[in-house]
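I opened a new model today and kept notes as I went. The entries are in the order in which I looked things up.

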Amino acid sequence: FQYFCLRNEFRYATPLKEIPSVERIMISFGGTDENNLTAKALRALSNLNQEIHFDVVLGIGYTEQKSIDSIVSSYPPNAHISINQDIRSMAEHMEQADLLITSNGRTLYEAASLNVPVISIAQNHREQKHPYAHISQGVLFMGQADYVTEENILTAVNDYIQERDKRETMREALEEHNIINGVERIKQILFNESNEN
């Protein structure tokens, strides 16, 4: 993770400095979301007894919009849910979040660069092996999609909301990784090597 190359939109975004309360949860499973984890997370969080804004960012290949619409219609009338697809800037959405629920791809690093704690679910066996989800204390890895229940998701989010110390420990762990300087570290290695030659 020390040498991860962030897109510019993340390099110039504003990292999260503290999480006194959880007011905005971002849900984004990118791409096609092969297990429709977006729907699973939304169903799970419909039972959350908190007033929270849900920012749902769908991948460009997501085709299960009807399943999302029916779940959102079952939410209480005062629920705040925004559904976005084909967005201009992922960083703009992420820098407003107090928590991100996502799969185990590059999005983990992007969230980490902004100190946004993550609850992650692997879409498949290959994603389950993603090392960052296992080594970072800023990521709560729940396992592979087939084995994660709606109840598991709801419990994890409830715990996160209620435990401020846990949130801060996760945020600080991400801040220590300093992913935002990955490009600079690579430049340093390249230029040092070329100077030696």
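**Entry 1: the chain as a whole**

I noted at the start that this is a predicted model. I counted up the secondary structure next. The chain has 10 helices and 6 strands. I then looked up burial. Of the 197 residues, 48% count as buried. For the accessible surface I got about 10100 Å². Carbon and sulfur atoms account for 45% of that surface. I also checked how far apart in sequence the contacting residues lie. Among contacts with a separation of 6 or more, 69% join residues 24 or more positions apart.

**Entry 2: helix α2**

I went to α2, which covers residues 37–45. Is this helix enclosed or open? I found 8 of its 9 residues buried, so α2 is largely enclosed by the rest of the structure. Buried here means under 20% relative accessible area. I wrote down the buried positions: L37, T38, A39, K40, A41, L42, A44 and L45. K40 is a charged residue by class, and I note that K40 is on the buried list.

What do these buried residues pack against? I listed strands β1 (24–28), β2 (53–58), β4 (99–102) and β5 (118–122). Helices α3 (65–73) and α8 are also among the partners.

**Entry 3: α2 against α8**

I took α8 next, residues 150–162. Two packed helices are described by the angle between their axes and the distance between the axes. I looked up both values for this pair. The angle is about 60°. The axes are 8 Å apart. The crossing is right-handed.

Which residues make the contact? From α2 I have K40, A41, R43, A44 and L45. From α8 I have E150, I153, L154 and V157. I sorted the contact residues by class. There are 6 nonpolar and 3 charged, with no polar ones.

**Entry 4: salt bridges**

I searched the whole structure and found 7 salt bridges. I followed up some of them.

I began with E92 and R88. Their side chains meet in a salt bridge, 2.6 Å from N to O. I checked the exposure of both partners. E92 is partly exposed, at 33% relative accessibility. R88 is exposed, at 71%.

Then I looked at R171. Is R171 buried or exposed? It counts as buried, because its relative accessibility is 4% and the cut-off for buried is under 20%.

R171 forms a salt bridge with E168, with the closest N and O atoms 2.7 Å apart. Both lie in helix α9 (residues 164–177). They are 3 residues apart, so about one helical turn separates them. E168 is partly exposed, with a relative accessible area of 21%.

R171 also forms a salt bridge with E175. Here the closest N and O atoms are 3.4 Å apart. This pair lies in α9 too, 4 residues apart, about one turn of the helix. E175 is partly exposed at 35%.

Definitions and conventions: Residues are numbered from 1 along each chain as its sequence is written. This is a predicted model: local features need pLDDT of at least 70, side-chain atom pairs count only at pLDDT 80 or more; totals for chains, interfaces and linings use all residues. Side-chain values use heavy atoms; hydrogens and water are left out. Axes are lines fitted to C-alpha atoms, for helices over the stretch in contact, and angles run from 0 to 180 degrees between N-to-C directions. Helices (H or I, at least four residues) and strands (E, at least two) are DSSP runs, numbered from the N terminus. A crossing is left-handed if the near helix is turned anticlockwise from the far one by less than a right angle, and right-handed if clockwise. Contact means heavy atoms within 4.5 Å. Buried means under 20% relative accessible area, exposed over 50%, partly exposed in between (1.4 Å probe, protein chains only). Accessible areas come from the Shrake-Rupley method with a 1.4 Å probe; for residues, only the protein chains shown count as cover. A salt bridge is a side-chain nitrogen of Lys or Arg within 4 Å of a carboxyl oxygen of Asp or Glu.
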